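The sequence and the structure come first.

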Amino acid sequence: MASAEAHLEVEALPHISDGDTNEIRAALEEGDLTAAATKAQEILANEEQIQLHIAVTGESGSGKSSFINAMRGLQDHEEGAAETGVTETTMECSPYPHPQHSHVTFWHLPGIGTPDFRPATYLKEVHFDRYDFFIIISSSRFTYNAATLAEAIQAQGKHFYFVRSKVDQDVSNERRLYDEEGVLKAKGKKATETRSQRYDEMAVLASIRQDCERKLARLGIRSPQVFLVCRDDFSMKYDGPRLLQTFLDDLPSEKKLSFLRPLAITSREVLRQKKKELMKYVWLKSLASCGASAVPIPGLSTAVNTAILVTSLKEYCWTFGLTEESLQKLAEQVNKPVKELKAVIKTPLEDEITKDVVIKLLTQSIGGAEKNPPFLLKSTLTFLALIISPVSAAISFPTTFLLLKNFLSDAADDAERVLQKALEGTTQKSHLWN
Ligand SMILES: Nc1nc2c(ncn2[C@@H]2O[C@H](COP(=O)(O)OP(=O)(O)O)[C@@H](O)[C@H]2O)c(=O)[nH]1
Ligand SMILES: [Mg+2]
């Protein structure tokens with residue numbers, strides 16, 4: 001069993017400016033919990049406003065609109081989806097905010113296929129400064145225009161990613177050359193360096209990847225990296241999961257949570273990252289809930305702002321897909337009754353979280369908080385250590401801290417069980433859980 005101290009530890013802290021840190025510290029040193037909590041609320045509100053703008057470029061017909069729809073979890077025919085299969089005629093940039101999380105916007109940039117294409121002019125016209133990073137899509141080999149654009153983006157200090165779309169077509173074209181047993185069909189046709197006698201999908205993918213990377217290297221890109229994707233099951237198949245992970249690794253720490261929030265949980269890694277980022281904010285939320293508008297809870301030796309806690313628990317459920325709507329959608333995707341998925345969930349769903357649920361959870365946490373008084377909140381993080389002594393006067397902080405931390409962990413465990421259940425008996429399982 002974990003030690004008492006471990007229960008109250010946080011793994012890391014969110015990105016907070018020195019100014020904000022000093023303000024909270026000063027307020028706590030003066031014993032002004034209200035001022036510290038107000039500042040915590042302000043930091044949290046600002047975090048929710050962080051915008052992420054992702055530019056998607058490439059030649060006309062390369063799959064930009066389809067990629068944007070896939071990233072937004074929409075089918076091409078669904079309302080609000082980017083129109084696919086249309087010829088681009090203008091230099092317009094079209095914004096596509098995420099349907100449930102409008103702070104993340106994907107931008108469909110104009111095509112880069114024209115002969116008079118000039119990277120510097122193009123980047124100026126599409127408002128280069130607006131974007132956090134660029135995705136350059138091609139459905140075949142990357143062209144000179146794509147390579148020069150990438151160089152111009154890099155020269156101006158931003159990340160770009162080469163994405164090779166429509167890989168499903170390549171795979172099915174190649175598969176057609178083999179019989180049902182996976183043996184090369186054509187009589188007398190010999191296996192070559194890129195085509196083996198027995199069908200091997202990994203080898204097919206590696207060959208496409210290498211071909212694209214070689215071509216880009218010849219066009220002057222140093223150590224190019226190409227991600228193979230297909231619009232269907234984008235985040236689960238081919239290089240989709242690796243691409244999402246790479247975006248995440250490259251994003252500055254203050255933007256990671258904004259990117260992660262709307263991301264569908266398609267792997268244990270996404271789940272782990274969501275939990276990790278949310279965990280960083282637990283202490284700020286606890287502090288915020290003990291502030292000015294905290295009211296005593298009848299029958300409990302604590303005063304908290306239950307509205308903040310209700311919102312936080314709902315946010316955890318929503319981020320982990322523990323809502324009626326998400327579960328319904330997942331059930332349809334994997335063709336299983338939603339009841340089966342719900343059966344493995346132990347925490348309340350987003351729609352069920354009310355003030356009463358929070359009070360019940362507070363009652364459970366209070367025992368733990370009393371056994372683990374705040375001075376036990378040992379952390380190597382000096383900043384957190386600083387807030388302990390003034391807050392130790394109140395039981396509220398450790399109580400809400402425990403409540404949020406435990407609920408977050410439980411919701412993450414539920415999400416893992418749901419995903420496991422959803423994938424039970426499907427072929428995607430081995431791919432996802434490696
Ligand atoms: N099979 C397959 N077709 C795709 C994929 N991505 C796009 N397409 C098709 O390619 C065509 C052009 O795609 P679109 O997204 O409109 O490209 P855009 O002009 O770059 O925005 C459309 O008919 C899409 O349905 C994919 O991953 N697989
Ligand atoms: Mg388009």
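## Polar contacts of the ligand

A polar contact is a pair of N or O atoms within 3.5 Å. The model shown here is predicted, and the distances below are computed from it.

In the side chain of Lys-166, an N or O atom lies 2.9 Å from an oxygen atom of ligand 1. For Ser-62, a backbone N or O atom is 3.2 Å from an oxygen atom of the ligand.

How much of ligand 1 does the protein bury? Taken alone, ligand 1 exposes 580 Å², and the protein buries 85% of that area.

## The shell and the pocket

Ligand 1 is surrounded by 17 residues. The closest are Gly-61, Ser-65, Ser-66, Gly-85 and Arg-231. Sorted by class, the shell has 10 polar residues, 6 charged residues and 1 nonpolar residue.

Two helices, H4 (64-71) and H7 (167-175), each supply at least two residues of this shell. Helix H4 gives the most, with 3 residues. The space that ligand 1 takes is the second largest pocket.

## An aromatic pair

The structure holds 12 aromatic pairs. One of them joins Phe-67 and Phe-234. Their rings are 5.2 Å apart, centre to centre, with 75° between the planes. An angle over 60 degrees counts as edge-to-face, and this pair is therefore edge-to-face.

Which parts of the chain does this pair tie together? Phe-67 lies in helix H4, whereas Phe-234 lies in the loop between strand E6 (226-228) and helix H9 (240-250). The pair therefore ties together parts that are 167 residues apart in sequence.

Methods: Residues are numbered from 1 along each chain as its sequence is written. Chains are lettered from A and ligands numbered from 1 in the order in which they are written. This is a predicted model: local features need pLDDT of at least 70, side-chain atom pairs count only at pLDDT 80 or more; totals for chains, interfaces and linings use all residues. Side-chain values use heavy atoms; hydrogens and water are left out. A residue is near a molecule or strand if one of its heavy atoms lies within 4 Å of it. A polar contact is a pair of N or O atoms within 3.5 Å; within protein, one must be able to donate a hydrogen and the other to accept it, and residues adjacent in sequence count only if both atoms are side-chain atoms. Accessible areas come from the Shrake-Rupley method with a 1.4 Å probe; for residues, only the protein chains shown count as cover. On a 1 Å grid over the protein atoms alone, a cavity is a set of points where a 1.4 Å probe fits but cannot get out, and a pocket is an open set with protein on both sides within 12 Å along at least five of seven lines; lining residues have an atom within 4 Å of a point. A molecule sits in a cavity or pocket if more than half of its atoms lie within 2 Å of its grid points. Helices (H or I, at least four residues) and strands (E, at least two) are DSSP runs, numbered from the N terminus. Ala, Val, Leu, Ile, Met, Phe, Trp, Tyr, Cys and Pro count as nonpolar, Asp, Glu, Lys and Arg as charged, and the others, Gly among them, as polar. Rings of Phe, Tyr and Trp (its six-membered ring) pair if their centres lie within 6.5 Å; planes under 30 degrees apart count as stacked, over 60 as edge-to-face and the rest as tilted.
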